[in-house]
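Dear colleague,

I am handing over the structure shown below. My findings follow it, and I would be grateful if you read them alongside the model.

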Amino acid sequence: MSFRKMVQPGKLRGITQGSIFNHARSDDFKEDVLGMVISARCDLAQQKQEKFIYVPLIKAKHWFDFHVIPKLIEECRKSLVADLKNILVQNKNAESVIETFGAVKCGDLLIDSKDHVKYIKKLDDLSRIEYCIASGQNDKSLISPKKLAAKIDEVVTNKVEGFFLVDNVVDYQNNKIELGSYIAILGEPRPIHKTAALGIAEGLDHSDITPHDRTYDSINRVEGEMSYVLCNITSPYIELALQRFSGLYSRIGVENPSSKIKEILHLEAMA
């Protein structure tokens, strides 16, 4: 498998912008969480600040299961509801009856229609999806492969706002083990205390961390483990990640252009 060269070995006993370390904390994930430092290189080199900033890196599979699959299942539910309404409308019923009486009872309106079988089939599919959503299950068989492929393409080309794909994280400190693809959650910047950052640069033994020491809040303490720098993001990928991070927080909300201007521009272009 061919990956882009996005990571390289870190400097000995060094931590800098783009350094990836293990056992980081995240709001929504507990396992396999890494951290990517995004503070300025000069701040880290000169230790100007008491705290630096990192963003969590989540294993791509876990990220898809948490962020993408539930949204695709919900899109599938909405699509099925729209299909049921269309069948009702085609059979001279108002689409609002589905909200009034419910999708199941509306099937009785189509008993004498050739569309009844199609309606019941979609109703069964809807029931499966609603059960899946209610029980918190991610039944991926319900998802359109084309829609999933399209979402994966958006992620791979880094078109999903607030997230950044790292093709393959390599642990250069541990026999160059390839950990696979990770997603940086740019919308979750977190502080890391200078003491913790310098400890990670040296190799931080978790047995040296007391359970209630707020200095190490950025570290998910695991008995018998160490936090250290696995690798550094290479240039220009770290700059691209930072550009996307800054763009996320520097957006300016303005009024949408009038639809009238589209008509005017269309007329002018055709003249």
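Apart from its neighbours within four places in sequence, F21 is in contact (heavy atoms within 4.5 Å) with L34, G35, V37, Y54, I192, I200, I219, Y228, V229 and L230. The model is predicted, so local features need pLDDT of at least 70 and side-chain atom pairs count only at pLDDT 80 or more, while totals for chains, interfaces and linings use all residues. Residues are numbered from 1 along each chain as its sequence is written, and side-chain values use heavy atoms, with hydrogens and water left out.

F21 also belongs to the largest nonpolar core, which has 51 residues. Such a core is a set of buried (under 20% relative accessible area, 1.4 Å probe, protein chains only) Ala, Val, Leu, Ile, Met, Phe, Trp, Tyr and Cys residues joined through side-chain atoms within 4.5 Å. F21, W63, Y119, I192 and I200 touch the most other members. Helix α2 (a DSSP run of H or I, at least four residues) gives the largest share, 13 residues.

Turning to aromatic rings, there are 5 pairs (centres within 6.5 Å). The rings of W63 and F64 have centres 5.3 Å apart and planes at 85°, so this pair is edge-to-face (planes over 60 degrees apart). W63 and F163 are likewise edge-to-face, with centres 4.9 Å apart and planes at 65°. W63 lies in helix α2 and F163 in strand β5 (a DSSP run of E, at least two residues), so the pair ties together parts 100 residues apart in sequence. W63 is buried, at 2% relative accessible area, and F163 is buried at 17%.

Conventions. Buried means under 20% relative accessible area, exposed over 50%, partly exposed in between (1.4 Å probe, protein chains only). Rings of Phe, Tyr and Trp (its six-membered ring) pair if their centres lie within 6.5 Å; planes under 30 degrees apart count as stacked, over 60 as edge-to-face and the rest as tilted.
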